[in-house]
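Here is a short briefing for you on how the parts of one protein chain meet. Take a look at the model first, and then we can walk through it together.

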Amino acid sequence: MHIQNNDQSAQTTIIAVARGDVNGDLIPDNVYLTGTQDPSSPFIQNITLIIENGNTGAFTRIPLKENANAGYNPTLFLGDFTGDGVDDILISINSGGSGGMMYHYIYSFTNNKSKLLFNFEVYNEQYKYTVTYQNNYKVKVVSLNNNKTFIIDISDRGAEYLNEIYDANGNLKAPITGFVNPISGMYPVDFDGNGVYELLAYQRIAGRYNADSLGYVLNTLHWKNDRFALEQQNVAIFGSQNI
């Protein structure tokens, strides 16, 4: 594949490659991510999806969303997420932000027509939460999408941490709210072994500040009625050291 770039300060290069049948003609295709990168920096800009038809050799260029087409360590994964027997294209990009936010896209290219199946921005808007500290060393996490409540016990966080928040009777000194970060990781997993991948999405639960991590919301999504629907939701917390 020939790549041309007129900006002499950065080089357009192939940054990820995968091979599989993504258009459904049973002939493996080549799938590329390209981007522009200054040799002195690992930061990659103008990340673009390019598909090379394995039968005809024709190239199809699919630009990613302009404000979310740059970052670190872009990766490709090919797998069937919809159950049609054709590989879809999962793109993952580390944004480099302090919250660990990731950019994720899933494209279908069946019959040589691109269709965006998953957009991380849509997901982040759909899955919102409230995080509220409670008396007696508890934090309540409410998933607004499905009205589910999770209670996290923080009594093992240590005296210095707890004494800033609670009085001697375990009551809050003042109201405190936390937050849940946007998606920070999404992984393809074939949970039921049927050859169709589900998505396991991670969102970090933060307390008083971003580095005050309390655990993760884990959402399992599966393809249903032409969209990714929530199949299962869990909250994972950190264990404490036995004394």
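Into which domains is the protein chain divided? This is a predicted model, and its chain splits into domain 1 (12-120) and domain 2 (127-237). The centres of the two domains, taken over C-alpha atoms, lie 29 Å apart. Domain 1 brings 17 residues to the contact, and domain 2 brings 17 residues as well.

**Buried area**

- Between domain 1 and domain 2, about 1,500 Å² is buried, and carbon and sulfur atoms give 71% of that area.
- On the domain 1 side, Phe-81, Gly-99 and Phe-118 supply 32% of the area buried against domain 2, which is more than any other three residues.

**Polar and charged pairs**

- Looking for salt bridges between domain 1 and domain 2 gives a count of 0.

**The domain 1 side**

- Three strands each supply at least two residues to the side of domain 1 that touches domain 2: strand 5 (72-79), strand 7 (102-108) and strand 8 (115-119).
- Strand 7 provides the largest share of that side, with 3 residues.
- By residue class, the side of domain 1 that touches domain 2 holds 9 nonpolar, 7 polar and 1 charged.

Notes:
Residues numbered from 1 in each chain as written. Predicted model: local features only at pLDDT ≥ 70, side-chain atom pairs only at ≥ 80, totals over all residues. Heavy atoms only, no water. Domains from an automatic or database assignment. Contact = heavy atoms within 4.5 Å. Buried area = accessible area lost by both parts, 1.4 Å probe. Salt bridge = Lys/Arg side-chain N within 4 Å of Asp/Glu carboxyl O. Helix = DSSP H or I, 4+ residues; strand = E, 2+ residues; numbered from the N terminus. Nonpolar A, V, L, I, M, F, W, Y, C, P; charged D, E, K, R; others polar.
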